[in-house]
Amino acid sequence: WNILHDGDITAAEKGHNNSYTLFVSIPYLRRRLAPLGDSFVLALKGVRQIAFQNFDGTISTIEDEMNLSTPEILRTDSESMPISVETTTGKLLLDFEGIEFRLDTGQPVDFETLETVCRDYWDEWRKRSERKP
């Protein structure tokens, strides 16, 4: 989830058989993969929990949260299920069996590719920020 840092969760939909689909918009990473697009699609399988904990501690559905705001992914310290993802509007609480990644245009993409694109982007960003004027 940390590679999705800065991503806005723009859509969420419950599917069949304990599945869930999330759209995460990260244009600066997504445009590095053809064909052109601005989001990644996360297909969660075997979902046991997907909820949103607001800053006041109340629990709501992700759909209810998205009716009020667009959560931006900040980070997670979780290394196993269930996980807690910090966002700009609270915590996304997740417990699921598996995840598949796709581009918003439908093509599958593996985690390693996403990780490489993310690492390359931030390496380039660091190099640009270290340049002296």
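Strands are DSSP runs of E with at least two residues, and helices are DSSP runs of H or I with at least four residues, numbered from the N terminus. Two strands are taken to pair if DSSP finds at least two bridges between them. The structure is a predicted model, in which local features need pLDDT of at least 70 and side-chain atom pairs count only at pLDDT 80 or more, whereas totals for chains, interfaces and linings use all residues. Residues are numbered from 1 along each chain as its sequence is written, and side-chain values use heavy atoms, with hydrogens and water left out.

Alanine 43 has glutamate 100 in S9 as its bridge partner, and phenylalanine 40 is partnered by leucine 103 in S9.

S9 also pairs with S10 in the antiparallel sense, over two bridges. Here arginine 102 lies opposite proline 108 of S10. The two strands, S9 and S10, form a hairpin with four residues between them, and glycine 106 in the turn has a positive phi of about 105 degrees.

A further open sheet of five strands has the order S5-S4-S8-S7-S6, again with antiparallel pairing. Strand S5 (59-60) and strand S6 (73-75) are at the edges with a single partner strand each, so one side of each is left without a neighbour in the sheet. S5 is joined by two bridges to strand S4 (residues 49-54), and these strands run antiparallel. The bridge partner of glutamine 53 is isoleucine 59 in S5.
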